[in-house]
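Let's take a friendly walk through a protein model. Keep the picture open while you read.

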Amino acid sequence: MNKNGFTIIEVVIVFLLILGVTFFVLPLSLNNTKQAQFISKWVNTYSGLEYVFSSIKAQNGFDLGKKFKHAKNNDYKTAVMLDIIKPYLRFKSGVPSSEYKPLYMNKKTVIQGDRYYFDNLYFWDDDKIFGLKWISDNCKENDVCASMLVDINGITLPNTWGKDIFGVNIFSDKLEPMGKNIERNVLKNDCSPFGFGVYCSYYYLIGGEFD
């Protein structure tokens, strides 16, 4: 016998199916929107950093290998570099370590002693966190002299590399996003739930997609 309409049970089943699909799809959509906003903000932030360092280079000279050739240790070099950068970035008071626990994209905690752990973090502008550390003893040409961390939405979660945390490598006369000159498949693997997320810093700047 042909039916001219749907029964109440059929309507309820269809409604529940739609509700179930929405339940799973909506959070993914919201997360993707938020990540797209993070990426857009990182692109703008990196562009600003390039301008800042070009200004520093023009006004102060920027051959760090020569500037810090006789400096006594890396902590001293970090302090001097912070003094050079501070008038341009206008960073503020330090970030208490108890309030800021960064993660890698694979959800592992960034621990003290890690290559991407920063002891000294500062509030920058009204909504960012900035960190700097010197990592090279010699700082010769093509060596990474120092590294910089930027959390583009500050102390607000997720505080995760590749989501709201990105990094920059500072050379003797230039700066580059972390991950530059790395093969694209390596970038993509690192910028995934199974990687550290550090190379997202460059991967997103060249149009890489997020999962």
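The sections below cover the model, its cores, its salt bridges and a pocket.

## About the model

This is a predicted model, in which local features need pLDDT of at least 70 and side-chain atom pairs count only at pLDDT 80 or more, while totals for chains, interfaces and linings use all residues. Residues are numbered from 1 along each chain as its sequence is written, and side-chain values use heavy atoms, with hydrogens and water left out.

## The nonpolar cores

A nonpolar core is a set of buried Ala, Val, Leu, Ile, Met, Phe, Trp, Tyr and Cys residues joined through side-chain atoms within 4.5 Å. Buried means under 20% relative accessible area, exposed means over 50%, and partly exposed is in between (1.4 Å probe, protein chains only). The largest core has 36 residues, and Ile85, Phe130, Leu132 and Met148 touch the most other members. Elements giving two or more residues to this core include helix H1 (8-60), helix H3 (74-89) and strand S3 (128-134); helices (H or I, at least four residues) and strands (E, at least two) are DSSP runs numbered from the N terminus. H1 gives the most, with eight residues.

What does Phe130 touch, leaving aside its neighbours within four places in sequence? Its contacts (heavy atoms within 4.5 Å) include Leu82, Ile85, Trp124 and Met148.

## Salt bridges

A salt bridge is a side-chain nitrogen of Lys or Arg within 4 Å of a carboxyl oxygen of Asp or Glu. The count comes to four. In one of them, Lys41 pairs with Asp127, with the closest N and O atoms 2.5 Å apart. Lys41 lies in helix H1 and Asp127 in the loop between S2 and S3, so this pair ties together parts that are 86 residues apart in sequence. Lys41 is partly exposed at 27% relative accessibility, and Asp127 is partly exposed at 31%.

Asp127 also forms a salt bridge with Lys128, at 3.8 Å between the closest N and O atoms. Lys128 counts as buried, at 12% relative accessibility. Glu176 forms a salt bridge with Lys174, with the closest N and O atoms 3.3 Å apart. Salt bridges that share partners join Lys41, Asp125, Asp127 and Lys128 into one network.

## A pocket

A pocket is an open set of points on a 1 Å grid over the protein atoms alone, where a 1.4 Å probe fits, with protein on both sides within 12 Å along at least five of seven lines; lining residues have an atom within 4 Å of a point. The second largest pocket is lined by 16 residues, of which Ser97, Tyr100, Pro102, Tyr117 and Phe118 lie nearest its centre.
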